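Subject: Structure handover

Hello,

Here is the structure I promised to pass on. Please open it first, then read my notes below.

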Amino acid sequence: MSNLSRRKLITTGLAATAGVSGLAVAARLADRYGLIPPDHGGFYGPGETLTYAAQRLLTRHSLAREFPRSQISARPFANGKPPQGEDFKRLQAAGFADWRLAVDGMVARPASLSLAELRSYPSRSQITHLACEEGWSFIAEWIGVPLSHVLNVVGILPQAKYVVYFSIVRDWWDSVDMADALHPQTLLTYGMNDGELPVGHGGPLRLRVPRQLGYKNVKYITRLTVTDSLKGFSPEGDYAWYAGI
Amino acid sequence: MASPGLVPSLDSTYTATTNTPRHTAVVRITHWITTLCFFALLISGMEIVISHPRFYWGEAGNVLTPSLFELPIPASRSSVPTGYGYVLPDQNGWSRYLHFQAAWVAVLTGLLYTVSGLVTGHFRKYLLPAGSDLTWRALSRVLANYLRFKPRGEAEAWSYNVLQRITYLFVIFVLFPLMIWTGLAMSPAIASAFPATVTVFGGQQSARTIHFFGTVFLVLFLLVHILMVYRAGFRNRTRAMITGRAGAHKEHP
């Protein structure tokens, strides 16, 4: 009996040590390969980390589904009201001619770009599905410049890990990792369904991240900040940072 | 984990082995973890669904398009016209976190249960119906016993009849996988890597609608399950699923 319990004790001890060191190695590897989301702490951290890590391993380079023109929703729902601020109304009255996109942070050449400059860059259009976390969705054609192109223009520094994007609406921003920031379908969108991007859908400039839910697709973008840490950029609301679900 | 040898096989005389566990440790532990996850998923899923209690078929759908059907309840977002003059509190933040965390625990627990069930022969011994039981005659006899509220023989305290086996197999190998699959089909990232995940259902909104009906079936199963446990002796059966010991006091002739 004592023999058996000693053996049990040793095997349990060995198994526990192996388990703990295995976890430590896994955590270090996961961090190195960018598999740990910024909201990995707290009660819901384990679920968020598993989701983000699994999807980064499976979907890092995959392309969001694109649809034929016949699938474009005849009546796309524009959620929320247009910005109520005076600054937005003034820019809108001038046809957004003075709209600027500031790019700063860990970049070699910080810039302030006009819509005309953004339109002069190579454009890409895609017909993709936009799904809100509430459950509704629509399909539209989105036209814009790939975020990766703008990031190449300003030259991101090697330590960059996230791109934070800000709306003209106060306290509205979000961020994506470099996998989504450099993804070919992540667009700074200025057109929709062969026209200008309507204000209701985020015009004049919206970031489209088609592999994530609607709330990551922030409207009325005026600033991009490239960073290696999201400290100080606590996400708005209490939603999961990664929304590939 | 109890070794398979400790579990009474179907042909053994159960009266002689009242100290052997009715359910193995793996079955008991995974049963209760799944129970906890199910309630977490159900409550958080209901919170998520009330933000848009409309359902669609196909790829896309929103308040400007016709719905397949609508739940006659108020919504937690003002963007949905429900006919009610008020909006419920929005609980999607913690609900979404809890939904995915509970889903992970449920999936990992289900994997443990499935692997262990295959290795120990649990499915073959306790859940796979015997070929002779799969006749209409045998099935209707079991069903008639239920409908007549006939008291069940002691043998059923140790094994499952053919209707129970079919129901459990359906829940474990059809409903649960369908819930996981339709859940994944709603993920734009998963759909980008594996488009067939969603196209087999005809679209993301179809997957959401099937996810909802899967929940309805699982809740119906839960209600019948609790009713049956109650009829068979709630204390004994619940104790058997917690401690592993089945009630023995009635079994002495």
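One cut-off before the rest: a residue counts as buried if 20 or more other C-beta atoms lie within 10 Å of its own, as exposed if 12 or fewer do, and as partly exposed in between. Please keep in mind that this is a predicted model.

Phe96(A) has 18 other C-beta atoms within 10 Å, so it is partly exposed. Its place is the loop between helix H3 (86-93) and S1 of chain A. Phe96(A) is not a glycine, yet its phi is positive, about 60°.

Asn193(A) lies in the loop between strand S7 (187-192) and S8 of chain A. Its phi is near 50°, a positive value in a residue other than glycine.

One more loop in chain A deserves a look. The peptide bond between Gly203(A) and Pro204(A) is cis, with omega about 15°. Pro204(A) sits in the loop between strand S8 (195-196) and strand S9 (206-208) of chain A.

**Chain A as a whole**

Chain A holds 6 helices and 10 strands. Its C-alpha atoms fill a box of roughly 85 × 40 × 30 Å along the principal axes. Of the 245 residues in chain A, 36% are buried. Take the contacts in chain A between residues at least 6 apart in sequence: 68% of them join residues at least 24 apart.

How is chain A divided into domains? Domain 1 covers 1-32 and domain 2 covers 65-227. The centres of these two domains of chain A, taken over C-alpha atoms, are 48 Å apart.

**Strand pairing in chain A**

Start from S1(A), residues 100-105. It pairs with S2(A), residues 111-114, in the antiparallel sense over 4 bridges. A hairpin of 5 residues links S1(A) to S2(A). Within this pair, Val103(A) has Ala111(A) as its bridge partner.

S1(A) also pairs with strand S10(A), residues 221-227. Here the strands run parallel, and 4 bridges join them. Gly105(A) has Val226(A) as its bridge partner in S10(A).

**Where the chains meet**

How many residues of chain A are in contact with chain B? There are 36, and they touch 31 residues of chain B. On the chain A side, helix H2 (45-59), strand S3 (124-131) and strand S4 (137-146) are the elements that give two or more residues. H2(A) gives the most, with 7 residues. By type, the chain A side divides into 16 nonpolar, 14 polar and 6 charged residues.

H4(B) runs over residues 136-147, and its 12 residues should span 16 Å at 1.5 Å a residue; the end C-alpha atoms are 16 Å apart, so the span agrees. Just after H4(B), Phe149(B) takes a positive phi of about 50°.

What about H9(B), residues 204-242? A straight helix of 39 residues would span 57 Å at 1.5 Å a residue. H9(B) spans only 39 Å between its end C-alpha atoms. H9(B) also has a kink of about 110°, centred on Gly233(B). After H9(B) comes Gly244(B), with a positive phi near 95°.

Which parts of H9(B) are buried? Among them are Gln204(B), Gln205(B), Ser206(B), His211(B), Gly214(B) and Ala240(B). The buried residues of H9(B) pack against S3 and S4 of chain A. They also pack against elements of chain B: strand S1 (54-55), helix H6 (162-185), helix H7 (188-193) and helix H8 (196-199).

**Last stop: Trp94 of chain B**

Trp94(B) is in helix H2 (residues 92-120) of chain B. With 14 other C-beta atoms within 10 Å, Trp94(B) is partly exposed. Trp94(B) and Phe170(B) are 76 residues apart in sequence, and their C-alpha atoms are 31 Å apart in space.

Best wishes

Key: Residues are numbered from 1 along each chain as its sequence is written. Chains are lettered from A and ligands numbered from 1 in the order in which they are written. This is a predicted model: local features need pLDDT of at least 70, side-chain atom pairs count only at pLDDT 80 or more; totals for chains, interfaces and linings use all residues. The expected span of a helix is 1.5 Å times one less than its number of residues. Two residues are in contact if their C-beta atoms, placed from the backbone, lie within 7 Å. Ala, Val, Leu, Ile, Met, Phe, Trp, Tyr, Cys and Pro count as nonpolar, Asp, Glu, Lys and Arg as charged, and the others, Gly among them, as polar. Two strands pair if DSSP finds at least two bridges between them. Domain bounds come from an automatic or database domain assignment. The bend at a residue is the angle between axes fitted to the seven residues ending there and the seven starting there.
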